[in-house]
Amino acid sequence: MLSRLARVQPKCQQLAHFSTSKSAAAAPTVKLWIDGQAVESKTTDFVELTNPATNEVIAMVPNATQAEMQAAVDSAKNAFNTWKNTSPLTRQQCMFKLQALIKRDMKKLAESITIEQGKTLPDAEGDVSRGLQVVEHACSVPSLMMGETLPNVSRDMDTHSYRIPLGVTAGICPFNFPAMIPLWMFPVALATGNTMVIKPSEQDPGAAQLLVELAKEAGVPDGCVNIIHGQHSAVNFICDNPDIKAISFVGGDAAGKHIYERGAKNGKRVQSNMGAKNHGVIMADANKEQTLNQLTAAAFGAAGQRCMALTTAVLVGEARAWLPELVEKAKNLKVNAGWKPDTDIGPLISKQSKARVLRLIESAKKEGAQVPLDGSNITVPGFENGNFVGPTILAGVKPNMTCYREEIFGPVLVVMEAENLNEAIEIINNNPYGNGTAIFTSNGATARKFTNEVDVGQIGINVPIPVPLPMFSFTGSRGSFLGDLNFYGKAGIQFYTQWKTVTQYWNESLTELKPQMSFPQLK
């Protein structure tokens, strides 16, 4: 497969989700997916899809027309009329088949991710695997959808509540997890009886295209999951379309706030996962070797392009002396194209992302931070035009520095210092984000104090990236999340369903002597 990647990476002509027609630049166009089939967009407005390791154009992504986006919604609306009445067992069988197909095509999906997004092949398989776990959990939908009942709430009267689907839903996905995030969304929506229109990132739509094709192969009826492509106009279309009842979003702050506010104004449910600044608190009693290895992987894996990356290390007390050893571990990481063997760090997604990361590194230098490891000027032989930034460590960082206030989203670790645990907790709680945090310690009392006092939605104890498995929910909080119901788990089921409650009265005679004009009092 590696040799195949080396052959196809400049053009990606062999990937099934591209059409064979060519744009003016001789690159294939990415298709829409509407009503169970690939559809060539009629737009004249395209976005270049590039390989981050080379910046070669590998395809053209359409900004779908209003008519095409409406066709996708109409298709989903028509499909919902039938899909909502299928039994949970039927939907469960589709999920069973889908998870088997994803396993079958794991390497194909990973290859698509590596070519379009840049992450290493093992990391790309991890992207798919973590999404697959949500599909596997969705196989429990008959139990997850069970309602509530209470007989004899009053004489001869029973009440029961059950969950019903909302209708057409929408998913707006980010570039950093092109398989996992769509799999957070459409399997749960489908399993609960909804249909969905997905807008993958225009920077790496291939994995989502492959996944919806697998859904069709798994027996999901045509129209139940459709794909549109686009940028701002597509987002606003989703926020404004009256037939779309709920929106799931993962991405940056500006887009997340816009989607939440505009969608909510139009009466939609919205769950919006946004930015993060995740701190790892390093106590001196932690296992040094294990802690430094975990911190290195969590900070620099996926080139730092994870919303749960451990981007900020807080060295407490004597642990401040560990910085040189951390720098040495980061120095040994190999930067290269994602399909190359033994690569640790691949490229950033775009030239713009690289420029932003370099700007923030430069700002740290100007504002007085130390830079014991600087990857700003790295060159990768054979990939000189790629969006590469080497592992970078910024030390002595203060809360007012730009590199701390802004989300870097690159292979850059910010290092801060604290005299004690209370000071470390204060640093975290003063930060506006609440996506995730971790503490490394061998002391249970320290861990318990940290868990109870830190105001963050997801906490790891000697676990650097505490993303919950899908029987739980992804519970980022504060500035990292807008909405009432989080992704997947029980919260995800609740997000995609609404309650319907029936109160019934059966009496042998069903007669009343006279009208009861006062408000009914059930006894």
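Biologist: Does alanine 302 count as buried or exposed?
Modeller: Alanine 302 counts as buried, at 10% relative accessibility. Please bear in mind that this is a predicted model.

Biologist: Where is alanine 302 found?
Modeller: The residue sits in the loop between H11 and E15.

Biologist: What is its phi?
Modeller: Alanine 302 has a positive phi of about 60°, although it is not a glycine. For context, most residues other than glycine have a negative phi.

Biologist: And what phi does aspartate 156 have?
Modeller: Aspartate 156 has a positive phi of about 65°, and it is not a glycine either. This aspartate lies in the loop between E7 and E8. Its relative accessible area is 30%, so aspartate 156 is classed as partly exposed.

Biologist: In which sense do E7 and E8 pair?
Modeller: Strand E7, residues 148-154, and strand E8, residues 157-165, pair in the antiparallel sense, over four bridges. Within that pairing, leucine 150 stands opposite threonine 159 in E8.

Biologist: How many residues lie between the strands of that hairpin?
Modeller: There are two residues between the strands, and aspartate 156 takes its positive phi, near 65°, in this hairpin.

Biologist: In which sense do E14 and E15 pair?
Modeller: Strand E14 (residues 279-282) and strand E15 (residues 312-316) pair in the parallel sense over four bridges. Histidine 279 stands opposite threonine 312 in E15.

Biologist: Into which domains is the chain divided?
Modeller: Domain 1 covers 27-274 + 484-500, and domain 2 covers 279-461. Taken over C-alpha atoms, the centres of domain 1 and domain 2 are separated by 31 Å.

Biologist: How many residues does the contact take from each domain?
Modeller: The contact takes 19 residues from domain 1 and 22 residues from domain 2.

Biologist: Moving on to charges, how many salt bridges does a search of the whole structure find?
Modeller: The search finds 19 salt bridges. Among them is the one between glutamate 453 and lysine 449, at 2.9 Å from N to O.

Biologist: Where do glutamate 453 and lysine 449 sit in helix H16?
Modeller: They are four residues apart in helix H16 (residues 444-453), so about one helical turn separates them. Glutamate 453 is partly exposed, with a relative accessible area of 40%. Lysine 449 is partly exposed too, with a relative accessible area of 28%.

Biologist: Which residues do salt bridges that share partners join into one network?
Modeller: That network comprises Arg104, Asp105 and Glu217. Within it, the closest N and O atoms of aspartate 105 and arginine 104 are 2.9 Å apart. Aspartate 105 has a relative accessible area of 15% and is therefore buried.

Biologist: With which aspartate does lysine 119 meet in a salt bridge?
Modeller: The side chain of lysine 119 meets that of aspartate 127, at 3.0 Å from N to O. Both lysine 119 and aspartate 127 are buried.

Biologist: One last topic: how many disulfides does the structure hold?
Modeller: The structure holds zero disulfides. Cysteine 139, for instance, is in none, and the nearest cysteine sulfur, that of cysteine 94, is 10 Å away. Cysteine 139 counts as buried, at 6% relative accessibility.

Note on methods:
Residues numbered from 1 in each chain as written. Predicted model: local features only at pLDDT ≥ 70, side-chain atom pairs only at ≥ 80, totals over all residues. Heavy atoms only, no water. Salt bridge = Lys/Arg side-chain N within 4 Å of Asp/Glu carboxyl O. Buried < 20%, exposed > 50% of the residue type's maximum accessible area, 1.4 Å probe, protein only. Disulfide = S-S within 2.5 Å. Pairing = 2+ DSSP bridges. Domains from an automatic or database assignment. Contact = heavy atoms within 4.5 Å.
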